[in-house]
Amino acid sequence: MYVGIDAGASATKALVVDKEGNIVSYAIVPSGINFKLSFQKALNEALEKSNLNAKDILYTVSTGYGRALVKAESTSSEIMCISRGVKRLFPSVRTIIDVGGQDSKAIRIDKKGQVLNFVMNDKCAAGTGRFLEVMSGVLEKPIEELSKLHFKSSRPTKISSTCTVFAETEVISYISKGSKIADVIAGLHEAIAERIYNMSSIIGFEKDVVFTGGVAKNKGFVDALSRKIGLSPILPEEPQIICAYGAALAAVKKHEGF
Amino acid sequence: MKLPRNIRSICETPTALLSEYNDSGIKVIGYTCSYVPEELILSAGLQPYRIPNIGANVSSLTPSFICPFASAILENILRLRDFFHGIVIAHTCDPMWRLYDILKKKIDVPLFFLRVPHDTQNELSISFLEMEFVRFKKFLEEKFRVKISGKALSNSIRLCNESRSLLKNIYLLNSDSKYKIDASIRFQLVLAGMWMPKLDFNEQVKALEFNSDEKHGNVRLHVNGTAIYDLNLISIMEEAGGFVASDDLCTGSRYFWSNVEKGSSLMSALAHRYASRTPCPSHGPLNHRLDYIKLMVRKFNVQGVVTLSGRFCDPILYDSVHIRNMLTEMDIPVAVIDYERPSQEINRIKTRIEAFIESIGD
Amino acid sequence: MCPQKRERILQTTRKIGDLIIEYFSKAWDSQAQNKPIAWITVFTPVELLRALDIYPVAPEHYGAMCSARGFILNYLEEAERRGYSQNLCSYSRCCLGYVLSGMNGIMPPPDFLVTFRNSCDVYVKWWQSLHRHLEVPLFVGEAPYVLTLEDLENYVLDYVIKQLEQLIGMAEEKFGLKFDMERLVNAVKLSDEASKLWLETLKLRKAKPCPLGGRDSASDIFPLVVMQGTEEAVKFYEELYGEVQEKVSRNEGIIENEKFRLLFDGIWPWHAFDLIKYFEDKGAVFVYEPYSEAWGYRLNPSKPLESIARKVLAMGLNIDIDLRIEKFLKHIKEFQIDGAVLFSNRSCKTWSAPQLVTAEVLNRKFEVPFLLFEADMADPRQYSEAQIKNRVDAFLEVLGEI
C-alpha cells in the first residue's frame, strides 16, 4: 500500500492507494497547530478504515503547507499532486481550480496531460476558504447552510470590498439595514468567485474544468464560480482529497521506479 | 442652485451618454488626460469623451500595486470599448503609459499615444508637443477620413475657449464673499463639460442662475490632487462643514484656467496653451506647482488644504511631502487623505475629513 | 570540492567589489579637485558627462548596493519618517533617506542633478524631490516613448539631440566647464567597446551548459551602469569575455548539474541572492535576462551626439511593447529556454504593469511555463521567502515533468 499525506493549513488528509493507484481509504482531520500530531491522527484513521497497519505501507509522499513536518519518504508540490490526482480521475481535464482553506490555485493542463501553467493566491484570505469561514462566523451560520441558502437568493447583494476585513464590515452593515441573508450569502459567493476568477484569468479557462479543494464542497460557491467562468465544471465526489490522492500516486510511482 | 436635469443625470451615469452618442451616430473619441487637445477632436467632427474610473473595478490585468485609478480606467475602456471609435492615451504617468501597452494587445479600436513631455515649460518641449499634436491631427484625419481645415480648428478653439471661460467665471465667484456655489455643482459642471457636446454645454451653462442665498460651512478649503470623478469625495467635505473654495485638480481648475491665445499658427497656439497650463503632479516643474498652490490659497482665503492622494499614485506621493512642508511653513493646516478605492473607503475618509475640519474650525 | 559549497560565480565577477570601491574613491577625488559630481538616473548619457569632466554617480546603484549589503533599512525608514510613502520606489526612498540623514556614507553629495525620463516618471519626481532638498541645478530630460523604429531617426531623435545640447549649455554655464568633443568621441568609443564585449559575452550563454549565471549577470552590469567611457570598463569586459569563452571551450557550465534553462524578467531582488542559489541547487540556471542585455548598446563614434541620443531613447523599457515582446521571444528559441521567471517588482511599475500581458503571449503562443512572484527589488521587508520558495518548488517540479 502507498500513502499520500496533504498537510494543509486547515485540514490534514491521509489517503491510501494500492499499487494500481485505486483509492483504498482516506481520512480528513483538522490540522490544528501541530502537524506531527494531526498527520499521525489522519494516517491512523485511514489505516483503521481499511484494516491496515503501518507496516503495510511501502512508501509515503507528503505535500501541502506542512509537508516538511510529516514523516514521509519524499515530498511533492501541491500543484503536481492536484494535477496528478485530477488527471487520473478525469483525463479530459484542461483547467483545475483548487480552493483550499488558506490558498487557491488555478492550473492549466495541456493536451499531453502536462501542467502548462499555474497561478497561486497565497497572500490574501479573500479568495480562499478562510473568507467563507469568517463570514460564516459573522452570519452565525455553518458553511453547509451557507451553501443551501445561496440558492434561495433572488438578487445577490454586491459586496464591493476585496479585503476580508472590509467585507466583514460590509456584510454587517447590509444585515443591519435589513438585506435578506440569502442575498448576502449569494453575494459573498460571487465575491469570492470573482476574486478567484481574476486570479486565474491570466492562464485562461478551457474545458473540461475541474474544481477541487475543500471549498468545492460548497455548492453555492460552485454555482457562483461556474457562472463567472461560463463553463460547467466536473466535481469530484470528494474534492478535498484530490491533492492527497495525487501524492499517493506519486508514492506508487516513486516506489515502483517509474 | 440646481443644475439642469440632464447635466445632473449625465454626472450620475456618464456612461449612459455613450449609448446615446452611438444611437445618434456620433463618433466618440475616448481620452484620459487634460493634456489631450479636445479642439483637434472636435475639429475632425468627433465627440471627445473623458474616460472616468467610476463604474469599473480594478482590472485583473495589472498587479495589485499598480494605481487602482489607472487600472479602473483600463477596465472601463475594456468593458466600454464598443462605444468608442478611437482612444487617446496621454503619457501622463507610468501606469497610464503602460495602459497604452496593455490596450495595444487587448483591443482593436484605433489607439493613439500622445507623448506629452514632463517638463512642459521649456520652448523645446513646447515645439515637441506641437509636433505630437500634428501627429495626432494626422491620425484623426487618416482614421476618420476627414481633412481638418484651419477654419474648423479655429471654430473648435473658439468653442472650447468659451466653455473654459464660462467655467472660470463661475469658479471666480468664490473669491467674492457674497456669492457661493456648491463645490459639487462646480465639479459636476466641469465633468459634464468633458462628456457633453460643447454647444449644448455652453448654452446650458450660460442659462444658469446663481443664488446668492446659499448657506455653507465656514471652513474654506483648497483641494489638491489629480483627477477626481467620484464627487462623493467633494460632497463629504461640504457636508462636514467645509467649503471647497479652490482646487488644483485635473477635473477642476486646471481644466479651464487658461485659454488658447493667439499664436504664430493655430497648432503652435494650441501647443502653447496646453503646455503652459498650471503644472500638475505629472507635468511641469514642481516649484511652479507649489507656487500655484500658494497663489490659490491666498486668492481664495483658504484656511486648510486637503490633499487627495491615491495610495499608489507616485506623482502625488512625492509632491505631497513638499506641499505639506510648504503649507506648514505658511501655517496652513494640511490633511493628506490617502485611499485605494474611495467608494469602498468613504466612511473612513469622511471621519478623517470631519476631524480635520473640526480642528480648523476651533 | 563539495558541490554545495562551490560558489557559482565567475572569477572576474569577484572583481566588481573592488571596482565599486575604486569608483567611489575616484568620485571623492573628483570632488577634492573641485570637479562637479552629478547624480544621474541610469541610462543618462554618462559619456557626455565625461566629456564635460563631470563625475557621474547613480543613486540607483547605491540603493542596490545598500540592499545587497544589508544596510538599506535605516535610509528607507528615514525617508518614511519624513513623509515619503512606503509605496514609492525603494531606490528613491533609500536615496531620499540618505540625503535627509546627512549623506554620511560612501556616496558623495551632488553638485548637479541630471535625469532623463526614459525608464519611468518616478525618475523625474524623485529628482524634483532631491532638488527641493538640495538646491543644486537640476536638468530634466525627456525621452519620448519610441513607438516605431522611425522614432530613432525622425523629430523624436532631433528633440533628444537638442536636449543634449541644452544639457551641455547648462553645464558650461553653471559650472564654468568647457565641453570637449574629442573627449566625447573617445568616451563613446570606449563605451561602445565595452557594450560590444558585454553583448558578445551574453551571447555565449547560448551554450549548453550555460557558462554565466544569474549571480554573475546581476553584478557584471556595473561598469556599464556608471563607468561607460572608461578604460577600466573595457578591461573588465575583456577579462570577463575571456573567462566565459574559456568555460565554453571546456564545456563547463556555471552550475554543476544543469537541468533547466530559465529566463528572468526583472531586476534581481538585491537582498535575495540566496534565491538564485535555491534555483541553482535544483539544477535551474538563468541564461537570459532582458535587464542584463539592456546595458549594452552599440554607439557610433563618428556620430557621437546622435548615437548617445539613440541610446537614451532605446533603453529597454522605452520601446514599444511589440518590439519588446519580439526581442524577448527571439531569445526563447536561441537560448533554448525551458521556463520564465517573472519578478513583479513593487518598485518598478513601468516594468510590472504590462508583465501579465507579456506573460500571456509567452504562455499562449510559446507554451513556455512561467512563474510570477511579487516582492521588492531593494526593500527586504516586502519579501515572503517561504511563499516564494513554495512557488519555485512547484514551478521546477512542473518543468521536471515536461
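**Figure 1. A salt bridge links C:Asp320 and B:Lys104.** In this predicted model, the two side chains meet with 2.8 Å from N to O. A salt bridge here is a side-chain nitrogen of Lys or Arg within 4 Å of a carboxyl oxygen of Asp or Glu. How many salt bridges are there between chain C and chain B? The count is eight.

**Figure 2. Chain C and chain B bury about 4,500 Å² between them.** The size of an interface is often given as the accessible area lost when the parts come together. Buried area is the accessible area (1.4 Å probe) that two parts lose on being put together, summed over both. Of the area buried by chain C and chain B, 60% is on carbon and sulfur atoms. Chain C brings 54 residues to the contact and chain B brings 49 residues, where contact means heavy atoms within 4.5 Å.

**Figure 3. Four residues of chain B touch seven residues of chain A.** Here the two chains bury about 470 Å², with 38% of it on carbon and sulfur atoms. Which residues of chain B lose the most area to chain A? They are B:Asn57, B:Ser60 and B:Gln344, together 74% of what that side buries. You will find zero salt bridges between chain B and chain A.

Figure 4. A disulfide is a covalent bond between the sulfur atoms of two cysteines. The cut-off used is a pair of cysteine sulfur atoms within 2.5 Å.

**Figure 5. C:Cys120 is in no disulfide either.** For C:Cys120, the nearest cysteine sulfur belongs to C:Cys348 and is 6.5 Å away. C:Cys120 counts as buried, with 12% relative accessibility. Searching the whole structure gives zero disulfides over all chains.

**Figure 6. Chain C averages a pLDDT of 94.** pLDDT is the predictor's confidence in each residue, from 0 to 100. In chain C, 99% of the residues score at least 70. The model scores ipTM 0.95 and pTM 0.90.

**Notes for all views.** Residues are numbered from 1 along each chain as its sequence is written, and chains are lettered from A and ligands numbered from 1 in the order in which they are written. Local features need pLDDT of at least 70, side-chain atom pairs count only at pLDDT 80 or more, and totals for chains, interfaces and linings use all residues, while side-chain values use heavy atoms, leaving out hydrogens and water.

Notes. Buried means under 20% relative accessible area, exposed over 50%, partly exposed in between (1.4 Å probe, protein chains only).
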